[in-house]
Amino acid sequence: MSHPLIRVLTLLELLQSNARLTGAELADRLDTDVRTVRRYTAHLRELGIPVEAERGRYGGYRLARGYRMPPLVLTNDEALAVVLGLLAADRLGMGAAAPATAGALAKIERVLPHALRESLAAMRGTLSFTANAVIGQAPGTGVLLALAQASRIRTTVGISHQSWRQEHTERDIDPYGVVFHTGRWYVVGHDHLRASLRTFRIDRITSVTPRADRFTTPDGFDPVAHLTSTLAQGPYRWRVEVTIHGPLDEIARRLPRSAVTLTAQPTGVLMHARAERLDGMAHMLASLEWPFTIHHPDELRQALKNLADRLTAAAQRRPEELPQ
């Protein structure tokens with residue numbers, strides 16, 4: 001790192017990557033002395049980059065808050081991390097806006113060195129996911145950020161909401177948390193219009209207006225647990241209750257949280273679920289390695305017997321019995 005220009009650019013990268021560094025820390029990173037660091041920061045100021053200096057024994061250097069650096073500097077590892085994050089968000093349906101994702105990828109790739117650009121292009125072309133791609137309506141970026149901010153500072157907001165029946169309502173909510181689940185964004189909170197705890201899909205919210213009121217989230221409230229429990233209680237045909245005789249943690253890892261609720265019991269884990277078809281529930285229970293006891297519905301017992309008959313027939317079938 002002998003050339004002064006290289007050191008100045010390295011100083012810029014260090015200031016972008018750290019909230020604050022002392023003169024001694026910067027001198028050590030740049031393999032120089034504190035006086036030279038002061039000269040390098042002066043060069044950056046001459047270029048219009050606002051480097052702030054804090055005086056005193058524990059003083060240091062940082063970029064001015066809110067300054068948007070046009071020549072963003074990323075290391076190869078940082079560029080790879082950003083590209084992988086954008087690809088994963090797009091694949092999982094987590095992106096707030098598809099044009100923004102594509103635009104960010106294009107800008108990053110355009111300024112990368114040729115060798116790294118080729119490697120990342122190969123990554124984009126060959127990367128596979130075990131999870132299926134999710135196709136859903138992305139929420140507006142402004143709406144999503146406004147709800148997240150209101151949830152963090154505990155401020156009531158007014159929302160314009162359109163239901164799946166195309167019914168439009170104006171209501172105030174206390175947003176307890178924002179949750180991303182299976183390709184969709186949700187906000188969970190207290191709905192002043194209904195005076196109850198409600199869940200809203202954020203892509204159905206067209207605007208968010210801050211209110212002056214503040215709220216307190218109930219002690220111990222878990223937005224993720226509430227959302228998955230609510231979705232599990234959807235309007236399905238069958239209500240299922242089964243005790244699975246196994247450890248709660250391992251059972252929870254095997255069963256989809258959006259489909260079941262699990263409660264530890266002295267005799268095992270009590271599972272509540274809703275199902276449209278009992279044959280699917282029978283397959284899910286049969287895939288577990290632990291014994292279980294059905295409480296209801298009794299029709300689930302017959303579904304399991306039907307599955308057992310099909311498996312028995314398959315186990316007994318021999319190749320010579322196949323039709324020619």
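Predicted model: local features only at pLDDT ≥ 70, side-chain atom pairs only at ≥ 80, totals over all residues.
Modeller: In helix 7, the buried residues are Val 143, Leu 144, Leu 147, Ala 150 and Ser 151.

Biologist: Within what arc do the buried residues of helix 7 fall, seen down its axis?

Modeller: They fall within an arc of 135°, so the buried residues line one face of helix 7. Gly 142, Leu 145 and Arg 152 are on the other side and are exposed.

Biologist: Which strands do the buried residues of helix 7 pack against?

Modeller: They pack against strand 3 (155-162), strand 4 (168-181), strand 5 (184-191) and strand 7 (205-214).

Biologist: How many Å should helix 7 span, and how far apart are its end C-alpha atoms?

Modeller: Helix 7 covers residues 141-153, which is 13 residues, and at 1.5 Å a residue it should span 18 Å. Its end C-alpha atoms are 18 Å apart, so the two values agree.

Biologist: Which residue follows helix 7?

Modeller: Arg 154 does, and its phi is positive, near 60°.

Biologist: How are two packed helices described?

Modeller: By the angle between their axes and the distance between the axes. Here, helix 2 (residues 23-30) and helix 3 (residues 34-46) have axes that come within 8 Å and cross at roughly 90°. Helix 2 is therefore roughly perpendicular to helix 3.

Biologist: Which residues make the contact?

Modeller: Helix 2 contributes Gly 23, Ala 24, Leu 26, Ala 27 and Leu 30, and helix 3 contributes Val 34, Val 37 and Tyr 40. By class, the residues of this contact are seven nonpolar, one polar and no charged.

Biologist: What is the relative accessible area of Thr 41?

Modeller: Thr 41 lies in helix 3. Its relative accessible area is 1%; the cut-off for buried is under 20%, so Thr 41 is buried. Not counting residues up to four places away in sequence, Thr 41 touches Leu 11, Val 51 and Tyr 61.

Notes
Residues numbered from 1 in each chain as written. Heavy atoms only, no water. Helix = DSSP H or I, 4+ residues; strand = E, 2+ residues; numbered from the N terminus. Expected span 1.5 Å × (residues − 1). Buried < 20%, exposed > 50% of the residue type's maximum accessible area, 1.4 Å probe, protein only. Arc of directions from axis to C-beta. Contact = heavy atoms within 4.5 Å. Axes fitted to C-alpha atoms, helices over the stretch in contact; angles between N-to-C directions. Parallel < 35°, antiparallel > 145°, perpendicular 65-115°, else oblique. Nonpolar A, V, L, I, M, F, W, Y, C, P; charged D, E, K, R; others polar.
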